[in-house]
Amino acid sequence: MSTWPRRIGTLLAATLTALELTTGVAAHAATPTHYTGSLPDGASWVADVPGAWNGTVILYSHGFGPLVARDAPDEPTGQALLAQGYALVGSSYSGPSLWALESAVRDQFASLDALGRLIGRPRRTIAWGTSMGGLVSALEAESGGHRLDGALTTCGLVAGALNLNNYQLDGEYALSRLLGPAQPVKLVRFASAAEASASAAALTKLVTDAQGTAAGRARIALGAALMNTPTWLTGPTAPADYAGQEQQQQQALTQFVLGFVVSGRYEIELAAGGNSAFTQGVDYRSLLASSALSRQVRALYREAGLDLDADLANLTRHADVTPDPQAVGTLARTSMVTGRLRVPELTIHTTSDHLVPAEQENWYARRVRAAGREPLLRQAFVDAPGHCAFQPPETIAALHALESRIETGRWTGTTPEQLNAAAAALGTPGRYLRYTAAPLTGGLGQPGRW
């Protein structure tokens with residue numbers, strides 16, 4: 001995630017902010033007032049409060065990346081929210097790892113308290129999280145019932161770290177084993193960020209080189225399917241042909257996915273104290289059979305004249321990665337949802353998200369259902385490729401639909417037609433559609449089995 005530049009206020013606004021942080025007196029100026037502060041664990045927080053505050057605070061949780069405090073997903077969305085009267089607040093979280101789930105929920109609520117001491121108790125508080133921050137907002141929706149009124153989770157990593165690590169490892173292992181058997185790539189237990197980056201580069205080169213042959217393309221498609229990699233990266237619509245789909249998967253893997261997720265694994269391992277993922281005991285034939293992309297893989301294997309069953313047996317036979325129990329326990333405690341929602345939550349996701357696949361929403365819905373909290377959850381999908389590739393009117397329309405649920409106790413305004421109309425009224429036609437996310441391939445399996 002790119003960092004959001006801090007907005008520079010006028011000298012008067014800066015003077016007022018300093019006074020407010022010293023005395024606890026909030027100034028209701030005509031323009032938003034910017035606040036900053038520090039928390040006892042070393043995290044920082046920022047907030048912006050409009051002069052005509054509507055009484056609602058958005059508690060914003062940022063995604064994976066530098067531990068820099070942010071209070072909105074991007075500048076246009078933040079400006080639009082301020083113009084509508086919302087106050088915004090968010091923290092940096094505290095390290096030592098960029099996977100800061102140990103501290104994120106605590107730091108977010110501490111930031112909310114710090115702002116409340118300056119401007120007073122809000123009438124309503126809504127959690128809003130993006131990507132990894134979407135996991136934070138989902139956890140807040142379970143733990144902050146007395147602090148929150150609702151949660152908006154956008155492109156959220158709602159299946160949690162254990163699922164993420166497992167299905168990504170399945171795909172990375174398949175690519176390494178099948179494309180470079182003579183030069184196996186280290187995939188877990190990285191000693192440093194540089195070692196993880198080297199593995200990412202090695203995998204990226206294998207996939208780049210393999211694209212030149214039919215056999216390579218078939219095996220790329222297999223690895224992509226195990227990673228839940230969608231088949232639409234660019235263009236106005238998703239490719240309909242299997243070859244075009246694989247080409248876009250390959251481009252996504254080599255342009256940013258492998259570099260991001262393999263390097264990110266080091267940060268998660270650093271936070272967890274080891275490796276939580278496994279391949280040992282996985283039946284890769286059954287795993288592919290569970291994928292919505294299995295037909296594409298089988299067709300490309302037939303075209304290449306390859307024996308798919310032999311490749312799958314090869315993967316199963318040589319799978320030997322085992323998890324570190326301590327790491328599994330740490331991530332289960334800090335980075336997995338229970339599904340026991342205490343406030344209404346609306347999640348939105350693009351249909352073709354290469355970093356946090358929409359299949360995570362399927363797993364999450366099952367988890368919430370298993371916990372008996374299904375009435376509190378609604379999910380909506382935007383027909384677009386890209387991670388968190390929403391237009392500000394689309395997310396703000398979702399926010400308003402969540403507010404309606406908070407006010408009335410009933411879900412209204414969450415159909416694609418209603419969300420699109422609400423987005424259009426805000427300036428840009430929405431791209432919501434009726435969509436059911438496919439089951440997550442790999443990971444922990446069905447919710448409730450861990």
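This is a predicted model: local features need pLDDT of at least 70, side-chain atom pairs count only at pLDDT 80 or more; totals for chains, interfaces and linings use all residues.
1. Helix α5. This helix covers residues 160-179, 20 residues in total. From first C-alpha to last it reaches 29 Å, close to the 28 Å expected at 1.5 Å a residue. Of its 20 residues, 19 are buried, so α5 is largely enclosed by the rest of the structure.

2. Cys155. The loop between β6 (150-154) and α5 holds Cys155. Its phi is near 45°, a positive value in a residue other than glycine. Cys155 counts as buried because its relative accessibility is 0%, and the cut-off is under 20%.

3. Asn228. Here too phi is positive, about 60°, and the residue is not a glycine. Asn228 sits in the loop between α7 (214-226) and α8 (242-272). With a relative accessible area of 3%, Asn228 is buried.

4. Phe64 and Phe260. The structure holds 3 aromatic pairs. In the pair of Phe64 and Phe260, ring centres are 5.7 Å apart and the planes stand at 75°, so the geometry is edge-to-face. The pair links distant parts of the chain, 196 residues apart: Phe64 is in the loop between β3 (56-61) and α2 (75-83), Phe260 in helix α8. Phe64 is buried at 13% relative accessibility. Phe260 is partly exposed at 34%.

5. Tyr173 and Tyr284. Their ring centres lie 5.6 Å apart with planes at 50°, so this pair is tilted. Tyr173 belongs to helix α5 and Tyr284 to helix α9 (residues 284-289), so the pair ties together parts 111 residues apart in sequence. Both Tyr173 and Tyr284 are buried.

Technical notes: Residues are numbered from 1 along each chain as its sequence is written. Side-chain values use heavy atoms; hydrogens and water are left out. Helices (H or I, at least four residues) and strands (E, at least two) are DSSP runs, numbered from the N terminus. The expected span of a helix is 1.5 Å times one less than its number of residues. Buried means under 20% relative accessible area, exposed over 50%, partly exposed in between (1.4 Å probe, protein chains only). Rings of Phe, Tyr and Trp (its six-membered ring) pair if their centres lie within 6.5 Å; planes under 30 degrees apart count as stacked, over 60 as edge-to-face and the rest as tilted.
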